[in-house]
Amino acid sequence: MTTHTTRMLIIGSGPAGLSAAIYGARAGMKPIVVQGLQPGGQLTITTDVENYPGFRDVIQGPWLMQEMEAQAVHVGTRMLWDTIVSVDLDADANGGVFRAVGDGGDIYEGETLVIATGAQAKWLGVPGEMELSGKGVSACATCDGFFYRGKKVVVIGGGNTAVEEALYLTNHSQDVTLIHRRDSLRAERILQDRLFAHPNVKVVWNKAVDHFVGHAENGQLMAVAVTDTVTGEKSEIATDGAFVAIGHAPATSLFEGQLDTDDSGYLVVTPGTPKTRIPGVFACGDVMDHTYRQAVTAAGTGCMAALDAERYLQAKEFDEMAKEAAE
Ligand code: NDP
């Protein structure tokens, strides 16, 4: 059992955590990144990435994350492979540090804490979903919609995400179908109006997805098998791409009772900043952002968290010096 101490403790190693690490290391804060269960975050389970600035050609999500990690290490970050199982954000009770415990019992102490634990797209959990992931089944239209130019796509879900994804996909496809398990949408009225008015979008009501059907020859998605939730009738909806958009789950359980979350479960920060209600604790990336959820926006808020952490430490040191001078 080891105790690791740092000026900046970062939990999570997606674009937010690693960007915070790069900025923090360059500011001399010798950050520690605890990588978590999915080192590299959600991008490590995607394939082609075409919207991360700086790369003209298509790059691979896992490769991008390896490069970010290598850069973070190169500038002085310590990457540790552990999963945090509990945190104590009462710095006053812990000699001025935020404390986290790994699943093997190691203790991590940070003068500042950057939370970059991310969010996971929810999946339906039906047969074929994982097998055809990256072969027609996706959970991110912004990431993968481009690959369906001129093809037929379906979106599954009835909330804001599903409607936004369906509307986004009309930029690429003239044949978009929204499949929803009920006969009314949960999405905001204005989004619904836009959806219903769009000539290239069709809505299929009262259909629950049973499984995804792959093409016997090329292994690509061919159709979505559904059951009518009213009549029980089974059918197949032919498609080239299926976007599962049934919500995201931010990874916030570690902070329950210590930090505030909004109605959808995301960590609350002071608007326009990564500051949580506890000075010295910052949140960045998808764990605090249910609107944009892009690698580049996560990286941006990671940078903001590191800059604010540095300012917080400087202000704290200045206060301590002023206090000592006054004594
Ligand atoms: P929501 O929880 O709002 O909606 C999820 C949708 O998926 C619901 O329609 C639900 O159906 C459906 N669903 C859930 N599980 C299943 C399942 N197993 N099978 C089939 N359908 C399923 O999630 P969103 O991601 O849409 O939104 C999350 C939050 O983020 C909301 O507060 C939303 O307002 C917000 N948001 C805001 C945006 C913006 O402001 N621009 C953009 C995107 C999200 P049912 O309705 O039957 O429960």
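1. In this predicted model, the axes of helix α1 (residues 15-26) and helix α6 (residues 295-326) come within 7 Å of each other and cross at roughly 40°. The axes are lines fitted to C-alpha atoms, for helices over the stretch in contact, and the angles run from 0 to 180 degrees between N-to-C directions. Helices (H or I, at least four residues) and strands (E, at least two) are DSSP runs, numbered from the N terminus. The two helices α1 and α6 are therefore oblique to each other, a word kept for angles that are not under 35 degrees (roughly parallel), over 145 (roughly antiparallel) or 65 to 115 (roughly perpendicular).

2. The crossing of α1 and α6 is right-handed, meaning that the near helix is turned clockwise from the far one, whereas a left-handed crossing has the near helix turned anticlockwise by less than a right angle. On the α1 side the contact is made by P15, A16, S19, A20, Y23 and G24, which meet A295, A298, A299, G302, C303, A306 and L307 in α6; contact here means heavy atoms within 4.5 Å. These residues divide into ten nonpolar, three polar and no charged, where Ala, Val, Leu, Ile, Met, Phe, Trp, Tyr, Cys and Pro count as nonpolar, Asp, Glu, Lys and Arg as charged, and the others, Gly among them, as polar.

3. A second pair of helices can be read in the same terms. Helix α4 (residues 160-169) and helix α5 (residues 189-197) have axes that come within 10 Å and cross at roughly 35°, and α4 passes α5 in a left-handed crossing. The contact involves N160, V163, E164, A166 and L167 of α4 together with L191, Q192, R194 and L195 of α5, and its residues divide into five nonpolar, two polar and two charged.

4. How many disulfides does the rule give? The count comes to one disulfide, a disulfide being a pair of cysteine sulfur atoms within 2.5 Å. It joins C140 to C143, with 2.1 Å from S to S, and with 75° about the S-S bond the link of C140 and C143 is right-handed. C140 is buried, with a relative accessible area of 17%, while C143 is partly exposed at 23%; buried means under 20% relative accessible area, exposed over 50%, and partly exposed in between (1.4 Å probe, protein chains only).

5. M29 is placed in the loop between α1 and β2 (32-34), and at 3% relative accessibility M29 counts as buried. Not counting residues up to four places away in sequence, M29 touches T6, R7, M8, G24, A306, A309, E310 and L313.

6. N94 lies in the loop between β6 (84-88) and β7 (98-102) and counts as buried at 14% relative accessibility. Leaving aside neighbours within four places in sequence, N94 is in contact with D88 and R99.

7. A note on reading the values: residues are numbered from 1 along each chain as its sequence is written, and side-chain values use heavy atoms, with hydrogens and water left out. Because the model is predicted, local features need pLDDT of at least 70 and side-chain atom pairs count only at pLDDT 80 or more, whereas totals for chains, interfaces and linings use all residues.
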